[in-house]
Amino acid sequence: MTPVRGDKTDKRLAAVGMLVSCLAAGFLISIYGFIGYGSSAAWHQFGLEILRSDAWAPLGQQPRLGILTMIASTLWCAVGALLLASPLGVCSAIFLSEVAPPWVGQLMRPVILLLTGIPSVVYGFLGAAVLVTFFEVKLGMASGESLFCGSIVLAVMILPYIISGSYHALQSIPAGYREAASALGVSEPYAVTRVLLPLVYKNIAAAIAIAFGRATGETMAVLMLAGNTLTMPDSWFSKGETLSALIALELGSSEAGSLHHQGLFAAGLVLLALVTAINIGVNGWLSPRREEDGR
Amino acid sequence: MKKVLLLLLIVSLAVTAGCGSTNTQAPAPKDSSIKIGGSSTLAPTIANCANDFTEKYQTWKKVNAQLPDEQIVIFVASGGSGLGVNSAINGTVDIGLVSREIKDSEKAKLPNHKFYTLGYDALTIAVNPKNPVLQVKPNLTAEEVKKIFSGELKTWQQLDASLPNRPIVVAVRDLGGGATQAFDEAIMKGTPITKEAIQLPSMGALAGKVQENVDAIGYVSVGFVQADKAKFGVLSVNGIAPTSENIAAGKYQIARPLIIITKDKPDDKQQNFIEYLLSENGYKAIEAMGFVPVRVK
């Protein structure tokens with residue numbers, strides 16, 4: 001291949017690449033446009049009351065479209081899942097990367113990644129069959145569904161993201177740091193907590209944030225486990241309805257173009273904005289760090 | 001390099017072509033299948049009928065000699081009454097399934113619609129078979145049912161002093177669904193259902209909740225109760241039990257129609273299938289699912 005031809009091919013390749021990525025970006029923008037358009041009348045009529053009010057009664061004589069309880073439930077469920085999954089996930093990653101013999105890592109990582117392939121409805125089904133019954137029968141709760149139940153299953157679902165993100169962050173540290181630590185004779189726990197983790201804590205935080213985005217948008221498992229009540233959650237063990245569950249439950253039965261339909265689109269917009277904000281926030285927080293480091 | 005480029009071009013062309021075609025070629029090539037969709041209550045029954053119909057006749061010519069000699073293909077999808085009406089309006093389905101009254105605002109969007117009432121579904125006030133309320137108070141007044149579902153009565157003891165002091169777990173379908181609307185018309189009459197009610201994503205899940213939870217109460221479609229009577233405890237309302245006779249005679253109040261709707265006058269094939277549904281064959285299928293066919297009414 002002559003350099004000139006190669007140059008041309010590269011240019012064409014770049015153009016195709018550009019086209020495809022523009023399409024992908026355009027797709028995201030058009031989703032925003034579509035959902036924004038679908039909910040515009042609701043925003044026009046109710047304004048920020050949608051975000052502030054906790055009364056959801058789209059079919060009442062005086063329709064109300066407040067989704068504050070759903071926002072609270074969504075965040076509570078997702079943050080709860082992070083509380084459960086983050087320590088477990090980061091510690092697993094440290095174990096796999098630093099402590100375990102290599103063959104254990106080679107065996108375990110594919111298994112952990114396999115967890116991401118399990119459909120969420122299966123998780124939800126397992127949760128409903130095992131967790132909800134456990135809370136009802138063993139702990140004597142009147143009904144077993146709760147945000148806590150949702151958080152437990154979400155935690156299992158996001159664990160692979162946290163583990164593999166943290167694992168790759170740890171693996172990216174040059175061997176020199178470990179060798180230097182060994183040469184100075186510090187113990188392994190000291191080397192991990194004082195040398196390695198400070199180097200990559202931002203990447204680990206990014207892995208957790210991506211997992212948070214995943215947990216916020218998850219629908220099926222939470223729909224089956226959180227109870228879907230319209231009450232404002234006041235503890236981890238109260239029931240609640242997440243934004244995604246609200247949309248999944250009611251979109252099928254809402255009349256197209258009605259206020260109800262638009263309210264659900266508004267909920268979708270809020271959910272989308274929430275997830276986008278998390279992603280943009282993490283990216284913004286991460287990018288300057290790389291330059292400082294020169295890594 | 002060249003191969004990679006070619007591959008990329010093909011992929012990107014396919015992507016762009018895919019995007020374009022959805023916009024420009026809106027009317028899909030007319031196929032001969034019948035697409036049916038809507039109410040999750042009605043869909044299983046219609047799917048059974050469609051199976052029997054297809055097996056019995058195989059081709060349209062055998063249904064009616066004037067029809068072309070084509071294989072019968074009928075698709076049935078489940079997704080809620082709202083979806084049934086919406087997709088009939090926008091033409092996604094040929095026949096929409098609806099298990100509630102059709103709203104005036106929806107009728108306005110379907111000026112040439114035809115609808116056919118196949119039968120009635122009743123919502124039973126069902127509890128767990130282990131619930132002592134079945135012995136203590138097997139008959140509730142409509143007012144008591146309303147108080148339970150609106151959250152005014154919070155424990156079983158508040159309903160009757162001899163019942164245990166445990167919370168009543170109210171289980172409902174999603175608040176916009178056909179069942180909720182029928183229940184609102186018959187019992188709640190505008191009073192909102194308690195915010196603490198657990199919303200289940202399907203009638204099957206609601207039935208499951210009542211089967212599993214000792215303190216649960218919910219409005220379970222009579223079809224589910226008939227299928228497995230031992231697993232439900234059914235309460236009478238105002239002294240009337242939800243038996244087929246009572247439902248058919250219109251005595252049992254918490255009932256809703258099972259309707260099929262078409263946007264325009266159905267074409268010949270659709271008409272033949274609709275006639276099948278409205279014949280003794282269809283009625284038997286509706287009865288087999290525990291509903292009450294319109295014939296008896």
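Across the interface of chain A and chain B, 2 salt bridges are found. The model is a predicted one. One salt bridge joins A:E145 to B:K209, with the closest N and O atoms 2.9 Å apart. Between chain A and chain B, 8 residue pairs are in polar contact, both residues at pLDDT 80 or more.

Which elements give two or more residues to the side of chain A that touches chain B? They are α1 (3-46), α5 (120-137) and α10 (243-250) of chain A. Of these, α1(A) gives the most, with 8 residues.

Now the whole interface. Here 36 residues of chain A are in contact with 36 residues of chain B. The area buried between the two chains is about 2,900 Å². Carbon and sulfur atoms give 59% of that area. Three residues, A:A142, A:S253 and A:E255, supply 19% of the area that chain A buries against chain B. That is more than any other three residues supply.

Next, the cores. In soluble globular proteins, nonpolar side chains tend to be buried together. The largest nonpolar core here has 75 residues. B:I125, B:F149, B:F183, B:I217 and B:F273 touch the most other members. Strand β4 of chain B, residues 114-127, gives the largest share of this core, 8 residues.

Take B:F149 as an example. Leaving aside residues up to four places away in sequence, B:F149 touches B:I125, B:F183 and B:I217, among others. Its contacts also include B:V170, B:M188 and B:Y219. Another core, of 48 residues, lies apart from the largest one. Among its members are A:L159, A:A169, A:A215 and A:L225.

Technical notes
Residues numbered from 1 in each chain as written. Chains lettered and ligands numbered in written order. Predicted model: local features only at pLDDT ≥ 70, side-chain atom pairs only at ≥ 80, totals over all residues. Heavy atoms only, no water. Contact = heavy atoms within 4.5 Å. Buried area = accessible area lost by both parts, 1.4 Å probe. Salt bridge = Lys/Arg side-chain N within 4 Å of Asp/Glu carboxyl O. Polar contact = N/O pair within 3.5 Å; in protein donor to acceptor, adjacent residues only side chain to side chain. Helix = DSSP H or I, 4+ residues; strand = E, 2+ residues; numbered from the N terminus. Core = buried A, V, L, I, M, F, W, Y, C linked by side-chain atoms within 4.5 Å. Buried < 20%, exposed > 50% of the residue type's maximum accessible area, 1.4 Å probe, protein only.
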